[in-house]
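Please look through the sequence and the model shown below before reading on. The paragraphs that follow lead from one pair of side chains to the wider arrangement of the chain.

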Amino acid sequence: PEKPHYFWQTVMTAPEQELLCIFGTGDFGRSLGQRLLQTGYRVVYGSRRPHSCGPLPQGAQVMSHEAAAQSAGVIFLCVHRENYDFLETLVTQLKGKVLVDVSNNLKKNVYPEANAEYLQRLIPGAHVVKAFNTLSAWSLQNGPSDASRQVYLCGNSAEAKQQVVETATKLGFNVLDRGTLSAARELEDFPLQLFPEWRLPLRLAFGLTAFFFFYLLIRDVVYTYVEQDKDISFRIMVSLANKVFPIVSLIMLSLCYLPGVVAAFLQLYRGTKYKRFPDWLDRWMLCRKQLGLLALGFASLHVLYTLIIPIRYYVRFRIAESTISKIKENQTSVFDTTMAWRVDSYYAMGILGFGLYLLLGISSLPSVSNALSWREFSFIQSKLGYLTLFFCTFHTYLYGWDKFLRPSYYKWYTPPGYMLCLVVPSVVMALKLVILLPCVDRSLTRIRRGWERTDPEGDSKKSLLT
Ligand code: NAP
């Protein structure tokens with residue numbers, strides 16, 4: 001008859017938990033050790049001072065580097081690269097071991113080779129795997145959250161990588177294999193990145209803001225001071241800012257759509273989609289989301305600045321002054337219906353434009369865009385995007401109204417800022433209209449489906465070559 005099976009028997013015969021070694025009892029080593037222990041691994045630390053190192057996670061052992069290295073097959077090296085030389089004395093103990101390099105540097109390109117490659121050169125007998133360096137000690141200790149669920153790794157030995165993958169997966173991370181150790185530099189550069197895709201849009205926003213600020217400062221404040229001997233410098237804080245923000249916003253929004261139009265014309269001109277776009281166009285296309293989000297930021301500032309107009313001292317003073325003077329002189333003003341239409345349409349366009357602007361911004365958030373199908377995303381970003389551009393441009397044209405043709409508005413022969421800022425959006429919309437013409441649209445669609453216009457010159461060259 002079959003023997004009864006008791007729970008304690010299972011406990012007694014369960015295989016021993018795997019032992020992992022960590023060199024270095026600093027912040028990262030301690031956090032990693034704690035997570036490993038929580039996941040069920042046994043942990044042994046290798047330290048310079050096994051008897052006097054700081055507090056360690058409960059249940060961990062600590063011993064000399066030699067003894068610790070001998071006891072485990074996988075060693076996490078939680079020591080800064082500058083201190084790797086002590087490993088040279090452990091070459092025999094580390095032979096055949098999996099050595100996980102978690103190190104980062106303070107700056108890019110400080111050393112000629114990646115830390116992990118240097119480690120592999122230092123201990124050629126070990127299997128070096130670069131991993132975990134994109135996590136912080138803090139996030140390791142708190143367990144993976146959405147933002148830090150990813151662990152990148154690379155290494156030359158597939159078996160060694162597999163062991164690290166298993167451990168990282170047990171710790172709750174998603175692992176992304178980036179290939180051989182030659183990818184280590186790329187992984188080490190990850191944590192040192194400083195908003196790479198934001199750089200160009202931020203520079204552009206800064207440049208445009210500075211240009212229009214000084215342009216309007218000269219046209220408004222300096223001009224009034226020189227020509228009318230009046231000091232209106234107080235307007236810098238609100239009026240001038242509230243002119244600069246919408247101008248920069250509209251230009252940046254149109255710059256989101258300009259590269260798409262340029263790319264379409266380039267494809268039409270070349271008669272194929274199989275030729276690479278120039279680098280500048282590629283880079284421009286890749287930062288459209290950031291351009292759009294910055295444009296939304298400027299538009300939001302414009303909205304906030306506009307909301308405070310009625311409570312400004314200057315505005316309240318002017319309204320009161322004009323009312324009082326009309327009462328004194330017993331004057332009445334006539335209601336201007338055209339003006340009412342113009343101002344209401346101007347505000348309506350602005351509000352509709354801003355509402356769609358917000359929708360574009362929200363749909364560019366990864367959590368939202370990931371939930372949309374490609375067609376939904378392109379409907380919002382392209383169709384509604386052009387509608388946003390149209391509303392905002394029309395809002396600005398309504399602001400200008402009949403001032404475009406009045407010479408008195410061209411102070412010192414310069415056009416007002418809002419006229420200048422209409423150039424790019426008007427060009428983008430005109431070009432887009434050309435693309436929407438049925439004959440142009442048909443050719444472009446064919447090219448984008450793979451059709452190529454044969455180039456007789458290219459063909460004859462090809463036949464000569466063959
Ligand atoms: P840390 O707090 O300064 O700890 C480093 C440990 O290295 C020390 O506690 C010490 O442990 C050991 N050590 C120091 N000098 C040594 C020497 N001359 N020879 C041998 N061992 C020495 O640094 P950490 O923040 O834990 O960072 C450790 C590694 O993890 C670094 O490579 C870092 O780039 C990487 N990293 C850290 C983080 C983070 O959030 N902290 C994130 C990603 C990657 P013993 O006294 O026990 O020997």
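A salt bridge joins the side chains of Lys161 and Asp177, with 3.2 Å from N to O. The term salt bridge stands for a side-chain nitrogen of Lys or Arg within 4 Å of a carboxyl oxygen of Asp or Glu. This pair links distant parts of the chain, since Lys161 belongs to helix H6 (residues 158-170) and Asp177 to strand S8 (residues 174-177), 16 residues apart. Helices (H or I, at least four residues) and strands (E, at least two) are DSSP runs, numbered from the N terminus. Side chains of opposite charge can pair when their charged atoms come close.

The model is predicted: local features need pLDDT of at least 70, side-chain atom pairs count only at pLDDT 80 or more, and totals for chains, interfaces and linings use all residues. Residues are numbered from 1 along each chain as its sequence is written, and side-chain values use heavy atoms, with hydrogens and water left out.

Are the two partners buried or exposed? Lys161 is buried, at a relative accessible area of 10%, while Asp177 is partly exposed, at 45%. Here buried means under 20% relative accessible area, exposed means over 50%, and partly exposed lies in between (1.4 Å probe, protein chains only). The loop between H6 and S8 contains Leu171, which is buried with a relative accessible area of 2%. Between the C-alpha atoms of Leu171 and Pro366 there are 25 Å in space, and the two residues are 195 apart in sequence.

The structure holds twelve salt bridges. One of them is formed by Arg121 and Glu113, whose closest N and O atoms are 2.4 Å apart; Arg121 counts as exposed, at 55% relative accessibility. Another joins the side chains of Arg276 and Asp282 at 3.3 Å from N to O. Arg276 is exposed, with a relative accessible area of 59%, and Asp282 is partly exposed, at 24%.

The next subject is the ligand. Which residues are closest to the ligand? Of the 20 residues that surround the ligand, the closest are Thr25, Phe28, Ser47, Asn104 and Ala137; a residue is counted if one of its heavy atoms lies within 4 Å. A polar side-chain atom of Ser47 is 2.6 Å from an oxygen atom of the ligand. An N or O atom in the side chain of Arg48 lies 2.9 Å from a ligand oxygen atom, and a polar backbone atom of Gly26 lies 3.0 Å from one. On its own the ligand has 880 Å² of accessible area, of which the protein covers 78%; accessible areas come from the Shrake-Rupley method with a 1.4 Å probe.

Finally, the chain may be viewed as a whole. The domain assignment gives domain 1 (3-192) and domain 2 (196-329 + 336-462), with bounds taken from an automatic or database assignment. The centres of the two domains, taken over C-alpha atoms, are 51 Å apart. An unreviewed UniProt entry places the feature "transmembrane region" at residues 200-218, 244-269, 290-315, 346-372, 384-401 and 417-440; such annotations may be inferred rather than shown by experiment. Residues 244-269 are 100% helix and 0% strand, with end C-alpha atoms 36 Å apart. Residues 384-401 are 94% helix and 0% strand, and their end C-alpha atoms lie 25 Å apart.

Definitions and conventions. Polar contact = N/O pair within 3.5 Å; in protein donor to acceptor, adjacent residues only side chain to side chain.
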